[in-house]
Amino acid sequence: MTAATIGIRFEISGKAGIITLDRPKALNALDHEMVSALRARLDAWADDSAVEVVVLRSAHERAFCVGGDVRAMHDLGRAGRIEAARSFWRDEYPLNHLISVYPKPFVALVGGLCFGGGFGISGHARYRVAGEGLGFAMPEVAIGLFPDVGGTYVLPRLPGWSGAWLAITGARIGMADAMALGLYTHHVPAERWPDLIDAFAAGDPVEPTLARFAAVPPPPPLGPLLPLIDRVFAGGSVAAVMAALDHAATLEGIEGEFAAKQAETIRRASPTSVHIAFAQMQRGLAHDLAGCLTLEFRLVTRLLAQHDFYEGVRAVLVDKDQAPRWRPARLDEVDPAAIAAMFDEKLPDDLVLT
């Protein structure tokens, strides 16, 4: 199978190695073949003196990448092919780590939808460029998963408790908010991206070139709500967060409306996934990216043996009835000791990254 048939293309233009995600019907969702092809090309370009900078982009305005192909993982697991499903994440997470330590400048041009695995291949890049149409989210709790691909590392390090809010609710934010939170390093209007790539191809130095093309983003719409987010999501437990949200929902105006919406969103998500995401925010600061990815591999392995991932994918992506039946069904029915064990108990084949 060629790269052209699996939704990813590679080319060298001047001094730039250009990677283009091109799987439009799936909104560039990453399947195993795409992950493998991307890893192989990055390994080759790392030793290719002709390539001085790597640029990652999407061929389509609507989406950069909406995540990993979880429907495929669902189907493999349902068919009893758990190891085949695990192998996707066993290859994806080292790719995320490679991008974080890549020896050459790596520039991700991100416009349109960027969810989950899309952030995994862009959010650890040295240079993360947001277009005006960006829609960022880590929405995994809605399908019985958790914010992985290094979310355990990145989200707790965002300002205040904004990362906890993003993780537990799966909220989507736009370019201005994503820039304000530090998820991206530069805002360059998408219409200027072809000229930016041409400059890289011509050998222009990366940092001054990005500075030359960058524009000042507008004020973040989320700004007025950040104090509320910090108060609420600083709670020491999921129960404390929910109590704080329910209290804030009684306030008048924008804060009350926002709090009520967040509480409703969390209560629709997988209770197990919400507790996992909360624990990720508690634990992530104690680990580097490699350590966080190791924890995430433990988590995803264990979720493949449980109910909620399959039920979440069924409800959202297969039957699309948007009515998942979680087990357990309520936040207060989740056993904290069971959540801790999912993190702490090593696997016989733990993922080890250096």
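**View 1. Packing of helix α10 against helix α12.** Helix α10 (residues 226–233) packs against helix α12 (residues 254–268) at an angle of about 45°, and their axes lie 11 Å apart. The model is predicted: local features need pLDDT of at least 70, side-chain atom pairs count only at pLDDT 80 or more, and totals for chains, interfaces and linings use all residues. Residues are numbered from 1 along each chain as its sequence is written, and side-chain values use heavy atoms, with hydrogens and water left out. Helices (H or I, at least four residues) and strands (E, at least two) are DSSP runs, numbered from the N terminus. Axes are lines fitted to C-alpha atoms, for helices over the stretch in contact, and angles run from 0 to 180 degrees between N-to-C directions. The helices α10 and α12 are therefore oblique to each other; angles under 35 degrees count as roughly parallel, over 145 as roughly antiparallel, 65 to 115 as roughly perpendicular, and the rest as oblique.

**View 2. Residues in the contact of α10 with α12.** From α10, the residues L228, I229, R231 and F233 meet E255, F258 and I266 of α12; contact means heavy atoms within 4.5 Å. The residues of this contact comprise 5 nonpolar, no polar and 2 charged. Here Ala, Val, Leu, Ile, Met, Phe, Trp, Tyr, Cys and Pro count as nonpolar, Asp, Glu, Lys and Arg as charged, and the others, Gly among them, as polar.

View 3. The side chains of R39 and D43 form a salt bridge (3.1 Å, N to O), that is, a side-chain nitrogen of Lys or Arg within 4 Å of a carboxyl oxygen of Asp or Glu. Both residues belong to helix α1 (residues 32–46) and are 4 residues apart, about one turn of the helix. R39 is partly exposed, at a relative accessible area of 30%, and D43 is partly exposed at 35%; buried means under 20% relative accessible area, exposed over 50%, and partly exposed in between (1.4 Å probe, protein chains only).

**View 4. A salt bridge between D350 and R298.** The side chains of D350 and R298 meet in a salt bridge (2.8 Å, N to O). This pair links distant parts of the chain, 52 residues apart: D350 lies in the segment after α16 (336–344), and R298 in helix α14 (residues 289–303). Both D350 and R298 are buried.

View 5. R314 and E311 are joined through their side chains by a salt bridge (2.8 Å, N to O). Both are buried.
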